[in-house]
Structures are given as C-alpha cells and as structure tokens.
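Trainee: Could you show me how to read pockets and interfaces in a model like this?
Mentor: Gladly; let us look together.

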Protein chains: 2
Amino acid sequence: MSEPRIISIKKKILGKNEQLAQDLRAEFARHGVFVANLVSSPGAGKTELLRWTMAELRKTHNPAAVTGDLATENDAARLLESGAPAKQILTGTMCHLEVDMVRNAIQEWDLADLDFLFIENVGNLVCPGDFDLGEDLRVMLIATTEGEDKPLKYPTLISTCDVVVINKMDIAEAVECDVALLEHNVREVRPSSELFKTSAKTGEGMDVWLGFLRARFAEKVTQGKGS
Amino acid sequence: MSEPRIISIKKKILGKNEQLAQDLRAEFARHGVFVANLVSSPGAGKTELLRWTMAELRKTHNPAAVTGDLATENDAARLLESGAPAKQILTGTMCHLEVDMVRNAIQEWDLADLDFLFIENVGNLVCPGDFDLGEDLRVMLIATTEGEDKPLKYPTLISTCDVVVINKMDIAEAVECDVALLEHNVREVRPSSELFKTSAKTGEGMDVWLGFLRARFAEKVTQGKGS
C-alpha cells in the first residue's frame, strides 16, 4: 500500500538530483574540469589509488578531490598527503553521495583553477548507483581480496560504470584471486567498460591508468574548445 | 519539504519490520533455535566463515543458513557444501534483508529440527543496521584487508552489533594490517562487543568462535526450559 508513495518520493529525490547534476555537469564543462566518481566496497582501496593518482597528476595538471564517509575526516587527510586539495563530506547515516553535497563541498574552490575533480563516493556497492554527480566517468574499484563473483552479485551498480579497476593486484596471488575469472565476470555484466589492473602499493598498472585519465582530460578540453 | 513524509514512511516500514521481528523471535525461542545475523562489507568472508562454521557445528547440532544477495545463487551453493541446509534470498536492488524475506525463506523448514539459524545479510556496512531480523546475535565481520579505520568510518552499523569478528587473519601480515589498532578502533566504537579473530582458510580462531556459539546455544535452550 505504501509502495507507490515511496516510489513517487524516490522519483522526486532522484529527479531533483538529476537536474542539479545536469547543472553541475554544465559548469564543469564550462571550466574544462574532468570529473570522475569512484565507487567500491568499503576497503577496496579508493583513497590509496586517489592519493597516488593525484600525487602523479599534479606534476602536470591541477587535480582535487572530495571524499564521502559516514564519519571521520581520515580520507581527506590521506588525500591531502598527495599535495592536492581535498575536502571531506560527512554523510552521517547516508550510504551514498548526492550532487548537492558535492556542490557544497567544492564551493570555495575556483573551478577555473582545476583540471580534474575526483569524487570518492561512500564505500557501498548498492546505494551510489542511482545518483548522478555530474561526473564524466564513473569508476568502480574491485579489490582482488573481494572474491571473483562480486560483479555477478552486484550487477546494478557496475552496470552504471564506465571503468572497472581491479585493485590490490600485488596481493592477488596471496589471496588466491583468479584475476582472469574476475575479468571475465566484469565483462559478463558490463561488456563495454574499460578495464584496468592496478596496485597503488607497487605502482603496477598506474602508468596506463594515468595515461587514460590524461587522454580523457585532453579530449574534454578539445571538445570544449570546439563547442 | 518532502522529508517529513519520507521519515514517516521509513518509520512505518521499520515499525512493521520490528513487529514481524518480535513475532519471529518468539517463534525461534519457542523452538530453541539460536539465530545469528551476519553483516559486513562485500567480500569480508561471511560465506566462507559460515560454510566452515556449519560444517563443524553439524557434527553435534543442526545448523541451517539463509543468505542474501542482490543476484546469483552462488552463496547458497557454497553454504550447501557444508552439508547443512541453506537457502538463497535474492533482494534485487535492495541493500539489506528484511524480516519477511527471512520468514519466507525458512517457511519450508521445520524449526523444531533446527538448533542454529545463520542469516548472511547483504554485503553492506550501512543499510542492514535498521532491520531487526529476530536474531539473538548480530555479528559484524571485518576483514584485515579493509583497513584499520573501518569501525570509525562506519560507526552506525557496528554500534548495533554484539560480536565483531576480525576475519582473514592469515593475510593480516601480507596486507600490513595493524590488528591491534583495528581492535582498538572496534573497542572505541563498540566497547561492549565480543571480539574474535579468525581465518576460515587456516582455521585460526575457529575453535574459540565455535565454542562461543555452542555456549550461547546452550544458554538459550536452558533459559527456554526455565521459562
């Protein structure tokens, strides 16, 4: 009985988020900021990958990040170690970020000064799926410690991702992860996604990942000038 | 503006769940079934711990399990390897189990034949918190691969748990997990919880864990006879 009401309210929230996301996306485009939204289970290594990514990117570009957690400023503190700007978003009891939280978090930054904005979502394989944050790229991290069948068990969120990063490659063997099977399962659920294999600890695969980000940024800037 | 409506609907859903949970709890008590609800991130090792736990417990007792996932029957298949009964609950897009799903899943089982019912919740560190499933014990698994600050970053769910199991102890060293710090952070958020350290792979800590479960079952049965 109450279901139609819930669905109608959910549609309203999502509709409002969608409108704000389109506005923010237009603003990012105007300023040539390339935006990536990173989703994963808790502990898949988003913060460490981002810390590494921003430390490298800032040699040639201007990256920044916002990071969502229910509690603690730990992740923002770790991201700041990259030397790039970072802000914490605290969600309290919410299991995902919404676009107005991102907009509030970045309001003190001048977008004209940024090249990349990374949004580290709350660690959750379900909730972030419905919420567009104005990003160019949605990236899912899957750690080799999580088991090969995660893509099959959480198909909803991965179906919305453009990129899948298999992370913690350095301990794949120690945890007996069948990486080929994991890749196969990613392709099964999301055939069109780009796939990277990384270890933020050893640096494995980071050059290819960084090259991809730089190329996508260059593409966006070129397109922006053309329009 | 729409928030009060959402809150009132959420209260209604939770209120209904709470009532059903009390009914189911009474039914479990009547039949002397000890019930544990296992929560964790995706990939923390709930299924493997349960498979091992049920294989051991069935030497002396009658355990069974239901396991929730958005998709696939993989976990039920793995749990059946223990030799004990297991059923899959598919939640579609939902990030937690509700009590009516559990009730439906077990309806073909005669509770009089069971000693233990394990409920493996959907892998999620936020959503399952609000939903009582009629359990005696709520158990959170944290894998050594997830980072020492997980308890601090997800305080809401862990605050509802009676037991915390630090799992994947066999690779703690390889992933450079500071187990003492992780334990400290668990105590910080949830001082009253029982704490176990296990590896379903090597068997480390499993005797203590099994001993605890058997003792809690014996306690429940004794109490039941007294009432």
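Mentor: On a 1 Å grid over the protein atoms alone, a pocket is an open set of points where a 1.4 Å probe fits, with protein on both sides within 12 Å along at least five of seven lines; lining residues have an atom within 4 Å of a point. Points are joined across faces, edges and corners, and the volume is the space filled by probe spheres set on them. This is a predicted model, where local features need pLDDT of at least 70, side-chain atom pairs count only at pLDDT 80 or more, and totals for chains, interfaces and linings use all residues. Residues are numbered from 1 along each chain as its sequence is written, chains are lettered from A in the order in which they are written, and side-chain values use heavy atoms, leaving out hydrogens and water.

Trainee: What volume does the second largest pocket have, and which residues are closest to its centre?
Mentor: Its volume is about 780 Å³. Of 39 lining residues, Glu48(A), Arg78(A), Lys168(A), Thr145(B) and Gly147(B) are the closest to the centre.

Trainee: How is the size of an interface given?
Mentor: Often as the accessible area lost when the parts come together. Here, chains B and A bury about 3,200 Å² (1.4 Å probe, summed over both), with carbon and sulfur atoms giving 58%.

Trainee: How many salt bridges are counted between chain B and chain A?
Mentor: A salt bridge is a side-chain nitrogen of Lys or Arg within 4 Å of a carboxyl oxygen of Asp or Glu. The count is 4, and Lys201(B) with Glu176(A) form one at 3.3 Å, N to O.

Terms used
Buried area = accessible area lost by both parts, 1.4 Å probe.
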